Amino acid sequence: MSKSLQAIRGMNDILPEQTPLWRYFEGTVARLLDNYGYKQIRMPIVEFTELFKRSIGEVTDIVEKEMYTFEDRNGDSLTLRPEGTAACVRAVLEHGITGGGQVQKLWYIGPMFRHERPQKGRYRQFHQIGLEVFNLDGPDIDAELIIMTWRLWGELGIRDAVKLELNSLGTSESRGRYREALVEYLSAHHDKLDEDSQRRLKTNPLRVLDTKNADTQAVLVDAPKMADYLDDESRAHFEGLKARLEAVGIPYVLNPKLVRGLDYYSKTVFEWVTDKLGAQGTVCAGGRYDGLVEQMGGKPTTGVGFAMGIERLVLMLETLELIPEEISRQVDVYLCAFGEEAELAGLALAERVRDQLPNLRLQVNAGAGSFKSQFKKADKSGALYALILGDDEMAQQVVGFKPLRGQGEQQSIAWDALAAHLATCVVQG
Ligand code: ATP
Ligand code: MG
């Protein structure tokens, strides 16, 4: 195929054989979030570039080198959203739904875009389910977010394969004091830092903590520790969170180097990581951002949230072979009809059955065909039962009912009794 007719590198089709797993995952998360009282919000995929610069921060990896930015026909600079928080904050401000301290517990799902080097678990169009809570500032809500994800891992069967890493970045004042101490220490070791870290020392020094460079990591061993700079309020908040996780029995490890890629975090930051996916090990990440709304022009409004990468979690379910068997079966019953008269009767019968069993997954054979070919298609569809309408059945006004998986003889069912019979043998989702 010519190059112009291929998908863009790092932007993938999700093929029909994969969508059942995606829908299972998305459905599981959506149900869980509904049950905890979160409401879905849907934001546009494109926003003014300025929104992301203002919120994510000019000197972050995302804004510096990962955004898909273009000029539209009006000459406005627009960007395909690289994450959801900025747009969500814009939306709540624009509609005034966090004003006067109104609590909002929101979630969203959809594609995000970052110009990164594509590899396993890292793409240029990827999908997140994210969640933001506004106007609740206690550690109880931070705990709830983590508890919900823990329940999700339980439902998916991956609790043993993920680990919770936790840190507190403190309030902006304590982070400011820490930043000063860190800059002073790192400046004294400037020559031993890698080039990227030397640059970050000037622009975003906390990000140096997150370096992959071994020499810089060695310098960091004796660097000042964030925990020593937390003020009383941040410390109490962090203790409150830990106590709640312990009460529920959620194991965690403290990671003082966890700073997250975005500029706007304060107090709690966390990541759920796995060693099952190679280098792309973070499946869900988030934290508190009490200063962001104000920074974006709103009244002081606290916030906390997270986002999970759907591709990475789906990949994990595949890798660990945790795909529930029932999700790949998409047909319950397959109707085969032989001859024009049977085909017409079959169509009418199928619609009558659908009237009575609206959740039945009933596929009517299309494209006619011999007994053998229709039967092959019935089998391939994954259906549990085939319904057969031939000359004999037409004469007696019955339909042949044949189990396709496992035991059971073919039986004849009167047309009028078909729906009632199917209701007894097909579990309807
Ligand atoms: P990473 O350190 O892996 O680059 P990040 O800190 O940039 O992640 P966030 O902005 O916190 O990621 O996004 C939340 C989650 O979205 C990540 O934990 C990951 O699961 C997923 N994610 C982020 N970038 C990508 C990507 N390019 N492809 C696939 N999933 C991604
Ligand atoms: Mg990243």
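In which strand is Lys267 found? The points below take up this residue and several others; the model is predicted.

1. Lys267 is found in strand S9. The phi angle of Lys267 is near 55 degrees, a positive value in a residue other than glycine. Lys267 has a relative accessible area of 7%, and buried means under 20%, so Lys267 is buried.

2. Glu321 also deserves a look for its backbone. Glu321 is not a glycine, yet its phi is positive, at about 50 degrees. The residue sits in the loop between helix H11 (310-319) and strand S12 (333-337). The relative accessibility of Glu321 is 70%; the cut-off for exposed is over 50%, so Glu321 counts as exposed. Lys267, by contrast, is buried.

3. Thr274 is another residue of strand S9. With 7% relative accessibility, Thr274 counts as buried. Two polar contacts of the Thr274 side chain can be checked in the structure. A polar atom of this side chain lies 2.9 Å from the backbone oxygen of Ala161. A polar atom of the Thr274 side chain also lies 3.0 Å from the backbone nitrogen of Lys276. When neighbours within four places in sequence are left aside, Thr274 is in contact with Ala161, Val162, Gly281, Val283 and Met316.

4. Next come the aromatic rings. How many aromatic pairs does a search of the whole structure find? The search finds eight. One of the pairs is Trp153 with Trp272: the ring centres are 5.8 Å apart and the planes stand at 80 degrees, so this pair is edge-to-face. The cut-off behind that label is an angle over 60 degrees between the planes. Trp153 lies in helix H5 (residues 139-156) and Trp272 in strand S9 (residues 266-274), so the pair ties together parts 119 residues apart in sequence. Trp153 and Trp272 are both buried. Together with Trp150, these two residues form one aromatic cluster.

5. Helix H5 also holds Ile147. Which residues does Ile147 touch, not counting residues up to four places away in sequence? They are Tyr36, Val248 and Ile250. Ile147 and Gly249 are 102 residues apart in sequence, while their C-alpha atoms are 9.5 Å apart in space.

6. Trp22 lies in helix H1 (residues 19-35). Its relative accessible area is 9%, so Trp22 is buried. Trp22 and Glu311 are 289 residues apart along the chain, and their C-alpha atoms are separated by 8.7 Å. Glu311 is also among the contacts of Trp22, where neighbours within four places in sequence are left aside.

7. Now the surroundings of ligand 1. The ligand is surrounded by 15 residues, and the closest are Arg114, Glu116, Arg122, Arg260 and Thr282. By class, this shell has six nonpolar, four polar and five charged residues. A polar side-chain atom of Arg114 is 2.7 Å from an oxygen atom of ligand 1. For Gln128, an N or O atom in the side chain is 2.9 Å from an oxygen atom of the ligand. For Thr282, a polar backbone atom lies 2.9 Å from an oxygen atom of ligand 1. On its own, ligand 1 has 580 Å² of accessible area, and the protein covers 87% of this.

8. Which elements give two or more residues to the shell around ligand 1? They are strand S6 (125-134), strand S10 (282-288) and strand S11 (303-309). S10 gives the largest share, four residues.

9. Gln128, the residue with a side-chain contact to ligand 1, lies in strand S6. Gln128 has 9% relative accessibility and so counts as buried. Not counting residues up to four places away in sequence, Gln128 touches residues that include Glu83, Gly84, Tyr108, Ile109, Gly110 and Met112. Arg114, Ala307, Met308 and Ile310 are also touched by Gln128. Arg114 has its own polar side-chain atom 2.7 Å from an oxygen atom of ligand 1.

Notes. Residues numbered from 1 in each chain as written. Chains lettered and ligands numbered in written order. Heavy atoms only, no water. Phe/Tyr/Trp six-rings, centres within 6.5 Å; stacked < 30°, edge-to-face > 60°. Buried < 20%, exposed > 50% of the residue type's maximum accessible area, 1.4 Å probe, protein only. Near = heavy atom within 4 Å. Polar contact = N/O pair within 3.5 Å; in protein donor to acceptor, adjacent residues only side chain to side chain. Areas by Shrake-Rupley, 256 points an atom, 1.4 Å probe, with all protein chains shown as cover. Nonpolar A, V, L, I, M, F, W, Y, C, P; charged D, E, K, R; others polar. Contact = heavy atoms within 4.5 Å.
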